[in-house]
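This report goes through selected features of the structure shown below. Keep the sequence and the 3D view open while reading.

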Amino acid sequence: METSTVVTMILVLGTVWGGFAIALRTALKKEKQKKNSQ
Amino acid sequence: MAETTEKKEFFTSRWGMILAVIGIAVGTGNIWRFSRIVAQNGGGSFLIPWIIFLLAWSIPLIIAEFAIGKYTRKGTIGAIGKLAGARYAWMGAFIGFVATAIMFYYSVVAGWCMKYLTSSLSGSLLTTEDHVALWGSFTGSYEPIVFHMTAMLIGAFVIYKGVVSGIERTNRILIPSLLVILLTLAVRAVTLDGAWEGIQYLFTPSWETLLDYKVWLAALTQNAWDTGAGWGLILTYACYARQKEDIALNAALTAFGNNSVSLLAGITIFSTVFALAPGDGVKELISGQGSTNTGLAFIFLPQLFEKMPGGPAVQTFFSTIFFLGLSFAALTSLISMIELAVKTFIDMGMARNRALAMVATLGFLFGIPSALSMNFFENQDFVWGIGLMVSGGFISFAVIKHGADKFRREAVNGEGSDVKVGKWYNVMITWLIPIQVFALIVWWFYLSIFSYDPEGWWNPFHLYSVGTCLAQWGVMMVLFIVFNKWMVRKTLSSGAEV
């Protein structure tokens with residue numbers, strides 16, 4: 001497999017799936033904080 | 001002023017709302033359009049601008065829709081009227097009408113998916129000898145009307161149950177089920193012999209293609225069509241967001257969640273195509289029957305399911321869950337389109353059930369021409385698909401008119417926000433979105449004039465002409481401008497600026 005393919009795969013999957021994972025993790029953390037402060 | 005008789009309902013939790021909004025965004029376009037557009041635009045080269053426009057188009061507009069809905073608590077007419085000023089309420093009517101016009105034929109699409117689901121379940125789909133003839137005889141019959149009616153009835157039933165028991169509960173079931181289905185299909189696809197070739201094609205960039213402006217415009221179009229940004233649907237669901245609900249983080253979850261599903265579908269389809277149709281598979285995706293949305297889903301993929309190793313039971317299983325997933329994706333989006341139209345009439349003082357009965361009946365009747373004629377269907381898809389870009393422009397205009405910075409501070413970063421959006425947002429919504437709207441509309445008109453219909457691009461009775469877009473948009477805009485004061489009187493409360 002070419003280097004450019006590996007780089008694109010990491011870039012695309014990292015941004016899209018990674019972006020979703022980070023947003024989900026942050027949302028979970030914020031919800032937990034809100035629950036604890038209630 | 002009209003008094004709404006609607007019982008106030010709100011999504012019960014952040015996750016209930018997120019799943020419902022992802023239900024809007026994830027539609028058939030993620031599954032059947034994304035893969036063929038990637039194939040036609042150089043594989044990996046397409047994915048880079050596709051991600052850039054996720055950040056430059058989808059996220060700013062999804063943030064705007066979430067914030068406008070929560071800030072105004074009104075459907076599209078009232079929301080734009082409140083935000084930009086009552087004299088611009090007609091723009092909200094246009095946004096709402098574009099999504100409703102799409103609902104008319106999208107219900108037909110949901111019906112097609114359900115028909116193929118039943119054919120696959122019964123085993124008749126994979127025993128057919130000629131898939132082209134099967135598709136032709138189905139669309140040439142009266143059967144699509146029956147399935148269109150079924151889809152509309154299911155959608156209407158969900159809306160009848162209300163925001164929490166209908167929209168939220170349905171999406172809580174269908175969206176996780178759709179993800180399980182897509183993951184199951186993806187695991188099977190990537191473990192087929194030869195699947196790796198497809199994954200390599202999907203992620204291999206060609207620098208030459210990356211510099212082609214057409215690839216960038218195709219990536220922007222894909223974001224405009226498949227994320228639900230700028231349609232007015234997210235705005236409508238956001239009317240039911242709790243006051244303490246966040247905007248920016250939820251918008252990011254929606255946008256990244258939607259594109260994650262597209263990627264998963266892309267990996268599945270490319271793996272399947274390269275494993276089961278090596279050599280000709282990608283050519284089929286680029287210029288064969290698979291190069292159209294319906295051709296890919298209803299003609300090409302069923303042929304591939306027949307070649308899947310494991311025998312008829314395994315083939316039927318995977319074909320059935322594919323069409324089940326496609327039906328779920330279509331239904332969750334259709335539900336939001338029905339709700340948008342219903343909410344518009346509720347804002348005008350109509351009772352929810354009466355508004356629903358009217359929208360479902362009109363939705364069924366106005367969908368019939370698309371169910372009977374592929375030409376009519378394609379014309380409507382072209383006209384209102386490009387109309388969505390105008391809708392995106394109107395949303396951006398409303399924010400600019402209200403004051404981008406004021407909107408950011410009060411509506412986006414208001415009560416409940418987990419993540420504060422910086423001043424970069426003002427630039428995105430004031431400059432970047434209008435520039436992209438302009439580029440998209442010029443591009444699609446250019447295609448009509450120089451590629452689709454050079455002889456008759458001006459003719460309003462031609463399928464893919466500039467004339468048909470301008471005529472249909474023009475009629476609706478004139479109508480909404482003429483009735484603007486009446487709509488404002490019916491929709492907006494006394495505090496509105498008339």
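## Helix contact in chain B

In this predicted model, residues B:Ile18, B:Val21, B:Ile22 and B:Ala25 of α1(B) meet B:Asn250, B:Leu253, B:Thr254, B:Gly257 and B:Asn258 of α14(B). Sorted by class, the contact of α1(B) with α14(B) has 5 nonpolar and 4 polar residues, and no charged ones.

Two packed helices are described by the angle between their axes and the distance between the axes. Helix α1 of chain B covers residues 14-25 and helix α14 of chain B covers residues 248-276; their axes come within 9 Å and cross at roughly 45°. α1(B) is therefore oblique to α14(B). The crossing in which α1(B) passes α14(B) is right-handed.

## B:Phe483

B:Phe483 lies in the loop between α22 (466-482) and α23 (484-491) of chain B. Is this residue buried, exposed or partly exposed? B:Phe483 counts as partly exposed because it has 14 C-beta neighbours inside 10 Å, whereas a buried residue would need 20 or more and an exposed one 12 or fewer.

B:Phe483 and B:Trp90 are 393 residues apart along the chain, and their C-alpha atoms are separated by 7.9 Å.

## Chain A

Chain A has 1 helix and 0 strands. Along the principal axes, its C-alpha atoms fill a box of roughly 55 × 10 × 5 Å. Of the 38 residues in chain A, 18% are buried.

Terms used
Residues numbered from 1 in each chain as written. Chains lettered and ligands numbered in written order. Predicted model: local features only at pLDDT ≥ 70, side-chain atom pairs only at ≥ 80, totals over all residues. Axes fitted to C-alpha atoms, helices over the stretch in contact; angles between N-to-C directions. Helix = DSSP H or I, 4+ residues; strand = E, 2+ residues; numbered from the N terminus. Parallel < 35°, antiparallel > 145°, perpendicular 65-115°, else oblique. Left-handed = near helix turned anticlockwise from the far one by under 90°. Contact = placed C-beta atoms within 7 Å. Nonpolar A, V, L, I, M, F, W, Y, C, P; charged D, E, K, R; others polar.
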